[in-house]
Amino acid sequence: MNNMMNKEILLVRNSFGEKELTRVEKINTKKRKKNKIKNFIYTGAFYPVRRSPENFFKAIHILKKKYPELKNLMKVEIYGVPNIPIEQMIKDLNIQDIVQYRGIVDINESLKIQEEADYLLFFNLTEIENETEKGIITGKLYEYITAGTPIISIGKVEDSEANQIIKETETGIFVKNEPEEIVKTLEKIVIENQDIHFSPNIDKILEFSSVKMAEKFAELIEH
């Protein structure tokens, strides 16, 4: 764009508001429970191809065949607007005993669910093959990084803008959107009881608050 317009382009990222800011203040005092049954949560919308949980569901199907007791070790709950036949996908793969679609909840309930989960699922699939869309960031990410809950980001491009934010804030990990790679990660968490890297950097998280972004915008205008 700067080449076309012959002007410098400056970036101001999206940000989170007061509800999320209140959550950030509790992250350092939040104690993570060591639950026998690991709870994986997704809150948000799904779309065909982009942001689809299909490979994640396939990974669970593979794990279930390998570990018949899997239903006693993990559960997945999906909240939000489906836009795709989620329940049919779950049924076709015979993983109803592990994965449940819970429907739509209001924002306050959604934020509470995120805080109480063991892991948050982030389907970062907006990137297309030529990577021209790897800079797209959904507002859901800003909710997630303030939840005090580890994020598993499943996508195509590791250096996408969203994954950079997760990496900078140390709030989760990236997993390639391939069933075999997802299986490896879930196996470590659920079967081997290993945790993922999660060490929230509060200062970095606060950089994405609406207050900080407003200050940045003001500085850009002044200069």
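Leaving aside its neighbours within four places in sequence, which residues is Asn177 in contact with? Taking contact as heavy atoms within 4.5 Å, the residues are Asn55, Leu125, Ile154, Gly155 and Ile182.

Colleagues, this is a predicted model, in which local features need pLDDT of at least 70, side-chain atom pairs count only at pLDDT 80 or more, and totals for chains, interfaces and linings use all residues. Residues are numbered from 1 along each chain as its sequence is written, and side-chain values use heavy atoms, with hydrogens and water left out.

Asn177 lies in the loop between strand 6 (172-176) and helix 8 (179-191); helices (H or I, at least four residues) and strands (E, at least two) are DSSP runs, numbered from the N terminus. Asn177 counts as buried because its relative accessibility is 17%, and buried means under 20% relative accessible area (1.4 Å probe, protein chains only).

I turn to strand 5. Five of the five residues of strand 5 (residues 151-155) are buried, so this strand is largely enclosed by the rest of the structure. Ile151, Ser153 and Gly155 point one way from strand 5, while Ile152 and Ile154 point the other way. In a regular strand the side chains alternate between the two faces of the sheet.

Strand 5 has partners, where pairing requires that DSSP finds at least two bridges between two strands. Strand 4 (residues 119-124) runs parallel to strand 5, and five bridges join them; Leu121 has Ile152 as its bridge partner in strand 5. Five bridges also join strand 5 to strand 6, again in parallel, and the bridge partner of Ile154 in strand 6 is Val175.

Technical notes
Buried means under 20% relative accessible area, exposed over 50%, partly exposed in between (1.4 Å probe, protein chains only).
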